[in-house]
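Subject: Structure handover

Hello,

Here is the structure you asked about. My notes follow it.

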Amino acid sequence: MCGLVGFVDQRGVLDKNAVHQLPEMASALTHRGPDQAGQWHEEDVALAHRRLSVLDTSEAGLQPMSSRSGRFVLVFNGEIYNYRELRKQLITEHGLQLLSNSDTEVLLEYISHFGVEKTLRNLNGMYAFAVWDRKEKALFLARDRMGIKPLYWARRDNQILFASETRAFYSHPAWTMEMSDVGLWDYFNNTYISEDRTAFKNCWKLQPGHFLTWKRGGDVKVQKFWSLLDQARQRPELSAKCRTFKDSVAELDALLDNVIGDQCQSDVPLGAFLSGGVDSSTVVSFLRKHGQVKTFSIGYEEADFDESKEASSIAGYLGTDHTDFILKPSDAVDVIPNIPDIYDEPFADPSQIPTHMVSQIARKDVTVSLSGDGGDELFAGYQRYEQNAATWRNIEMIPTWGRKPLAGIMSAIPANWWGFLLRPVLADASQSIPFYASLMRNKTVASYHREANYLGVGDACILEKRAAQDGNELFYTNLGMRSALDDLLYVDQCRRLPDCMLTKVDRASMACGLEVRVPLLDNRVVDFAWSLPTDHLIRNGQRKAVLREVLARYVPRELFDMPKKGFHIPLKIWLSGPLRDWAETLFDEGLKDASEYIDASTVRSMWARYLQGEVGLTNPLWVVLMFLAWRQSLKAKA
């Protein structure tokens, strides 16, 4: 895995000061590529690269890499899993003799012979890359289908900047730290920044399945080369050819064997994260078929959050070389000051802490680790999918024209009255009736899903609800799926998965120079999951039914058939205990400086109520704390 950075000047002549800063821009990404560095520039473009050597660790894989024709120059971050097939095509169709065993050279020569768009349609992998066409004076940027690897781009003066992380922009002479209200509003309401937004003005993420083109004399153009929405909308049509559940299990078994066989190829030591859940256990089961494997897990002293015993049991059954680490509050205290630096943008999923810690532990023994990320989103593993789809089916029984008036009536009656009136039949009526009233104002199950799982800061955010809100409303109300479950799966795969889950894993692991592969998000597995009938996902009340049946072929059910804990941490216990001084210091020092974004009195009130035991405030307060810590870190770099 690697880090890339570069810029082009739309006027055709690079600023000499900017070229001089290119090594420093690349050095900001050293954690992503600690092994080697390279740079290249000509009159109107500059490219630099930091390399983590995984395939062909020789100098033949160095970047920036020029094509044999000399026309194209490439910087690339990621892995191409079908590069051997593409290599064979280049040799048989073009008689090409390649100089290395790296997927980078295959990618570059494939682009050189078939063009960027055809290449993107044929790639299977996790990647972000930039290609410069020296003949046409054209730039191409691309990001993989599911957004496993990051890629940012920005405009400053007459220059287009691009990099694996925004930190690489900071030393460019034209860079400014102006904040984006739209991006920050999105963060305060989602706990992460979604879609193409970022924390900075005139700076964007290239979205999954998209590529950017710019040619001298023209403007930037961003296009899709693959659509998850189109894939998702095909489920009813594909399911009409229904395979049996038994057939689905057999097909997924064979598919995962091929996929994980492809993804365990490495010229450096390789291992896997093992939480004890279905997804990571499945990945490790197939890895074990291909040889001995090192596995790594995190546990907690707090029993309600600890899955280390389950992970150890599965590791013991499969015979892996297993390492587990019990994460103590003191460990969290040590790592939290580094979190803003690790994530390089506001980010508030608390599992960022154990993800970084398990990456640190794994990196001591391996350079590549496989993870089970994506299994819940593809195969319907979260309880909320089942619950929210069922709740929405109840709401759909009420005629559309009657929902808003009924919601108005329900909202007009004080919540405590509902608690008194319905106490004999509905114990939580004072909370659930206002909640249902709010839900009935939603147009779709997807917008309901967002509200039902809201973790934002609410009234503490004082930014205007502008373009981010408008974009959210359009996104959540124009999906066009036939199944409520499909709506929910698509929303999480399109937003939460790339912008939260995969961002968390990428930054936490790359901060340690560890490459993490996610085989359950291989193109072939994504296509397969959307081809299944929904009753192969949730079957007789069992979520992830087809994946569980595959795992049951390799691991006894009693080792994995247990309530899901997830990769959560005892944040509430820690925040009111060993992390309290850190939090209060951050509130004291940071709230005044953040007065244009969050209301200090509201936050202080939330903190006081939290310390008195009010439930539901842990996540909103963590969102505020992570923002304040990020602002502090940013000021130190300015």
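Is Thr-104 buried or exposed? In this predicted model, Thr-104 is buried, because its relative accessible area is 5% and the cut-off for buried is under 20%. Thr-104 belongs to helix H3, which covers residues 103–114. Leaving aside residues up to four places away in sequence, Thr-104 touches Gln-63, Met-65, Leu-74 and Phe-76.

Next, the sheet. Six strands make an open, antiparallel sheet in the order S2-S3-S1-S9-S8-S10. The edges are S2 (36–42) and S10 (203–205); each has a single partner strand, so one side of each has no neighbour in the sheet. On average, neighbouring strands are turned by 10° against each other, direction ignored. S2 is joined to S3 (residues 45–51) by 7 bridges, and the two run antiparallel. Across this pairing, Trp-40 stands opposite Leu-47 in S3. Helix H1 (residues 16–27) lies across S1 (2–9), S2, S3 and S9 (159–163), and runs at about 165° to S1.

On cysteines: a disulfide is a covalent bond between the sulfur atoms of two cysteines. The structure holds 0 disulfides. For Cys-494, the nearest cysteine sulfur is that of Cys-500, 14 Å away. Cys-494 is partly exposed, with a relative accessible area of 21%, whereas Cys-500 is buried at 3%.

The aromatic residues take up the rest of my notes. There are 21 aromatic pairs. In one of them, Trp-175 and Phe-200 have ring centres 5.3 Å apart and planes at 75°, so the pair is edge-to-face. That pair links distant parts of the chain, 25 residues apart: Trp-175 is in the loop between S9 and helix H5 (181–190), and Phe-200 is in the loop between H5 and S10. Trp-175 counts as buried at 9% relative accessibility, and so does Phe-200 at 2%.

Phe-627 and Trp-630 have ring centres 6.1 Å apart and planes at 35°, so this pair is tilted. Both are in helix H27 (residues 618–637), and because they are 3 residues apart there, about one helical turn separates them. Phe-627 is buried at 0% relative accessibility, and Trp-630 is buried at 2%. These two pairs belong to one aromatic cluster, whose other members include Phe-169, Tyr-170 and Tyr-597.

Two arginines lie over ring faces: Arg-384 over Tyr-385, at 5.3 Å from the ring centre, and Arg-539 over Phe-245, at 4.3 Å from the ring centre.

Regards

Definitions and conventions:
Residues are numbered from 1 along each chain as its sequence is written. This is a predicted model: local features need pLDDT of at least 70, side-chain atom pairs count only at pLDDT 80 or more; totals for chains, interfaces and linings use all residues. Side-chain values use heavy atoms; hydrogens and water are left out. Helices (H or I, at least four residues) and strands (E, at least two) are DSSP runs, numbered from the N terminus. Buried means under 20% relative accessible area, exposed over 50%, partly exposed in between (1.4 Å probe, protein chains only). Contact means heavy atoms within 4.5 Å. A disulfide is a pair of cysteine sulfur atoms within 2.5 Å. Two strands pair if DSSP finds at least two bridges between them. Axes are lines fitted to C-alpha atoms, for helices over the stretch in contact, and angles run from 0 to 180 degrees between N-to-C directions. Rings of Phe, Tyr and Trp (its six-membered ring) pair if their centres lie within 6.5 Å; planes under 30 degrees apart count as stacked, over 60 as edge-to-face and the rest as tilted. A charge sits over a ring if NZ of Lys or CZ of Arg is within 6 Å of the ring centre and within 35 degrees of the ring normal.
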